[in-house]
Amino acid sequence: MNTIPCVELAPGYSISRVLKGGWQLAGGHGSVDEAAALKDMDRFVEAGVTTFDCADIYTGVEALIGKWLRRRKGSAGAAADAGVQVHTKYVPDLDRLPSHSQADVVRGVDRSLARLGVERLDLVQLHWWDYDVPGYVEAALWLDALRRAGKIRCLGLTNFDRQRLAEIVAGGAAITSHQVQYSVLDRRPAGGLAADCAEKGIGLLCYGAVAGGFLSERWLGAPDPTPPLENRSLVKYRLIIEEFGGWDRFQEMLAALGRIASRHQATIGAAAIRWVLDQPDVAGVIVGARHSRHLEQIRKACALALDDADRREIARVQSASRGPEGEVYGLERVKGGSHASIMRYGLSREEGS
């Protein structure tokens, strides 16, 4: 039974409130069984998770989703992908930002169209690596021109701070959504960005709700893992845990979520997802659910109703945390910093230009 709620992200355009993330299917997260991945996509749609999130720099993911869309169309006719939404990103490489041009934007969008095998992209989200290199407003406007031309249905942003978001909107780009990291461990969007987006009619699409899997029973009472960790996702979110207050403070949050989950016959991950879904101005949560076995947790998250006592228990742990501090994606932009050290800045070129 379909228990996943939907939300109207833009007039006439609705998405599922839980989106299936694609980063876990990209390179650097272990081998991918293509046949199983294609079947899993069908299972997510059958369960009501109709919206998929990917990016031009997620190695092989646009092509994989494109193969799935073509298979659905071939097996069930031209309307097979009706009711399915695919969101992607446009991420120019860091070293190409100084010479970035409108022609680059056109090539990037055409490449995503070809990989996905569609005539129009449902949502394209712009990411810009370095604010010190001008051009992000122009890039957004060039993408918006392609929206008006019919190649893109909706335009979004990802990982922009309040100042740059305001600049892009003031420049005239029609922004529908903004993808940011948001979790019980990372509340940076609540520092003003969420309210700014609400004022501008921009929906928040949030990743990191389960911190790459750290917010789960697997880690409750477990020792702090020693490097090397098994994938980049765990490295990324272990850094967030450190900003939150370290492993001991993280264990306090896991214990609180565990008690909440027990009271509601749910899981720690479901409680963590529900908390983000309940935050003001959040349109949807992107869950990096690599396998369909995660669907039960998603269903539980959507059915879960946190009460005031649950929220107070989470807030008590959060009030003792020290971070992360600053603007959305601010720590990740510190050149030479620990968060920036795990970034791969040339994946667009690696994926083929």
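Mentor: Let's start with a term: buried means under 20% relative accessible area, exposed over 50%, and partly exposed in between, using a 1.4 Å probe and protein chains only. This is a predicted model, where local features need pLDDT of at least 70, side-chain atom pairs count only at pLDDT 80 or more, and totals for chains, interfaces and linings use all residues. Residues are numbered from 1 along each chain as its sequence is written, and side-chain values use heavy atoms, with hydrogens and water left out.

Trainee: Thanks! Which residues are buried in α1?

Mentor: They are Ala37, Leu38, Asp40, Met41, Asp42, Phe44, Val45 and Ala47. Helices here are DSSP runs of H or I with at least four residues, strands are runs of E with at least two, and both are numbered from the N terminus.

Trainee: And what caps the N-terminal end of α1?

Mentor: Asp33 does, with a side-chain oxygen 3.3 Å from the backbone nitrogen of Ala35.

Trainee: What happens just after α1?

Mentor: Gly48 takes a positive phi of about 105 degrees there.

Trainee: OK, new topic: which residues other than glycine have a positive phi?

Mentor: Asn159 is one, with phi near 65 degrees, and Gln265 is another, at about 50 degrees. Most residues other than glycine have a negative phi.

Trainee: Is Asn159 buried or exposed? And Gln265?

Mentor: Asn159 counts as buried because its relative accessibility is 7%. Gln265 has 60%, so it counts as exposed.

Trainee: Last one: where is Pro228?

Mentor: Pro228 sits in the loop between β9 (203-207) and α7 (232-244). A cis peptide bond joins Pro227 to Pro228, with omega about 0 degrees.

Definitions and conventions: Polar contact = N/O pair within 3.5 Å; in protein donor to acceptor, adjacent residues only side chain to side chain.
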